[in-house]
Amino acid sequence: EVAYNLEATDQAGMPWSLHAQYGTVVVLLVGDLYDDRTTNTLVAMAEASGDHSGVRFVGFVGQSETEEPCGMECAAEAATAYGVSTMIWDASAGQTTYAEWTQGNAPRLYIIDQEMVINWVNFGSTVASQIGDKLDDLDR
């Protein structure tokens, strides 16, 4: 399945587009910061990034630790706290883009290849070794 274009805002307030990442593998986590499964997976993504320098690791956060909609400040704090270089958030009314990507079941981790094909989706917590193994499978 080819991923449709996800457009959001990054932690610096700049527009971010999934399809602009064409040619790069993307690990995308969609979740809320009040959910330990999301924060544990963000830590795992930071850990896995050390062995996969050519991969773009992206967190897409819906709500903060206090269950408020996450905005630029929240995304910037999360990027720093969890060591994920790109943290995006949904500026749309009602976070409709975020809702489309969670499909009512967050957190969701997507591994998307260079041609924007979704190769793997996991629900709940994902550990660094799972992420690494799935990324290694793309190299084969």
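The model is predicted, so to speak of local features I need pLDDT of at least 70, and side-chain atom pairs count only at pLDDT 80 or more, while totals for chains, interfaces and linings use all residues. Residues are numbered from 1 along each chain as its sequence is written, and side-chain values use heavy atoms, with hydrogens and water left out.

First, the layout. The protein chain has four helices and seven strands, taken as DSSP runs (H or I, at least four residues, for helices; E, at least two, for strands) and numbered from the N terminus. From that end the order is β-β-β-α-β-α-β-α-β-β-α. The radius of gyration is 13 Å, close to the 14 Å that the globule rule gives for 140 residues, so the chain is as compact as a globular protein of that length. That radius is taken over C-alpha atoms, and the rule is 2.2 Å times the number of residues to the power 0.38.

Next, the interior. Buried residues (under 20% relative accessible area, 1.4 Å probe, protein chains only) make up 50% of the 140 residues. A nonpolar core here is a set of buried Ala, Val, Leu, Ile, Met, Phe, Trp, Tyr and Cys residues joined through side-chain atoms within 4.5 Å. The largest has 26 residues, and Val27, Met45, Phe57 and Ile131 have the most contacts inside it.
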